[in-house]
Amino acid sequence: MYYIILRTPPDIYNSEYTAHLIEHLELAVQADISEYFNIQQYDGTSYSYYSTYTIDTTDREKVNIFIEKLILPIQSTYLTREKKRIREELADPDYSKKIVEAVGKIWYGETYRYARPTRSSLTEIQSYHSQYYTRENISVYTKSNIITTDIYDPGLNTISRGEFRVGHNRNIFLYTDLSSISICVFFLLEKLFDSYLDYLDVLSGKYWARYTVQWEHPEKVWISYKTSDRDDLASIPDDFIRTFVIDTLENSEKDSENNIPEHDLVSLLHFWSALSKTVKTTIIWNIDSYYQQIRTHMLSK
Ligand SMILES: [Zn+2]
């Protein structure tokens with residue numbers, strides 16, 4: 001598996017829509033049937049300020065050919081069709097997308113929009129593409145060429161909090177400076193929070209009713225929860241955390257050779273290296289102390 005990462009910041013409409021559209025156009029399928037099956041090895045995702053492509057291959061030459069294709073100027077051929085597909089894709093924005101937009105406004109300003117189509121024209125798309133789809137802006141990773149580091153600051157920097165409303169729900173988000181450790185810790189905390197909320201849902205006969213949202217922006221990493229979930233999230237029992245640690249360690253052992261976890265991609269984008277397995281294992285073992293640190297901020301007024 002190969003991973004391509006590009007920095008693709010918000011466009012002139014203060015939205016990730018142009019980057020999303022380009023990602024669709026790069027992977028657009030013609031009528032050719034064998035091409036349709038071939039393209040299944042390629043996948044793309046656009047986040048608020050970066051895009052990734054994955055290629056399910058061990059053939060580096062294939063990756064090089066794809067990169068050549070990525071930097072070719074954008075054509076209008078499939079524009080109307082892909083705009084329509086994105087409209088379909090975004091027709092029903094879920095709660096987590098609304099949260100990403102609400103928090104994004106704090107860093108990108110009130111005009112920020114996430115997961116909504118804009119008026120982006122062909123010329124605007126082409127100019128955005130020529131600015132960011134350059135050789136210098138493309139990083140390629142595979143499991144074997146990742147540089148890992150054992151150097152990390154074990155503590156989280158100052159945690160701050162913010163509050164916002166989405167519909168009828170009041171939400172809190174806790175955030176800290178982006179570092180390879182904070183990315184890894186917040187990623188794990190989201191897993192811990194979501195599995196605990198899911199556990200409570202399962203016991204009360206609900207289906208995937210409650211969850212938290214974790215995301216990062218170029219400077220900050222954050223996690224948000226509904227204020228109505230706070231008391232449950234602030235009282236996760238010790239034995240639940242212990243079992244979570246054992247399960248997470250077992251799963252990281254089983255993790256397939258080819259997979260680069262999402263938090264490593266963020267880390268690679270920002271720091272050109274990912275935390276080593278030793279450091280990650282230490283963080284998992286110590287997740288309770290990070291949880292206690294976050295919990296203090298959840299409970300403070
Ligand atoms: Zn899409």
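The chain splits into domain 1 (2-145) and domain 2 (148-299), with bounds that come from an automatic or database domain assignment. This is a predicted model, so to speak of local features a pLDDT of at least 70 is needed, side-chain atom pairs count only at pLDDT 80 or more, and totals for chains, interfaces and linings use all residues. Residues are numbered from 1 along each chain as its sequence is written.

The centres of domain 1 and domain 2, taken over C-alpha atoms, are 26 Å apart. Where the two meet, domain 1 puts in 20 residues and domain 2 puts in 18 residues; two residues count as in contact if their C-beta atoms, placed from the backbone, lie within 7 Å. On the domain 1 side, the elements giving two or more residues are strand E1 (2-7), strand E3 (50-55), helix H5 (95-108) and strand E4 (138-142). Helices (H or I, at least four residues) and strands (E, at least two) are DSSP runs, numbered from the N terminus. H5 gives the most to this side, with 10 residues. By type, the domain 1 side comes to 12 nonpolar, 5 polar and 3 charged residues (Ala, Val, Leu, Ile, Met, Phe, Trp, Tyr, Cys and Pro count as nonpolar, Asp, Glu, Lys and Arg as charged, and the others, Gly among them, as polar).

Helix H6 (residues 122-132) has Ile125, Tyr128 and His129 buried. Viewed down the axis of H6, the buried residues fall within an arc of 100 degrees, so they line one face of the helix; the arc is that of the directions from the helix axis to the C-beta atoms. Those buried residues pack against helix H1 (17-26). The face of H6 turned away from them carries Thr123, Ser130 and Gln131, which are exposed. Here a residue is buried if 20 or more other C-beta atoms lie within 10 Å of its own, exposed if 12 or fewer, and partly exposed in between, with C-beta atoms placed from the backbone.

Then there is an open sheet of 4 strands, ordered E6-E7-E9-E8 with antiparallel pairing; two strands pair if DSSP finds at least two bridges between them. Strand E6 (160-166) and strand E8 (213-216) sit at the edges with a single partner strand each, so one side of each has no neighbour in the sheet. E6 and strand E7 (residues 169-177) pair over 7 antiparallel bridges, with Ser160 opposite Tyr175 and Phe164 opposite Asn171. The two strands form a hairpin with 2 residues between them, and Gly167 in the turn has a positive phi of about 60 degrees.
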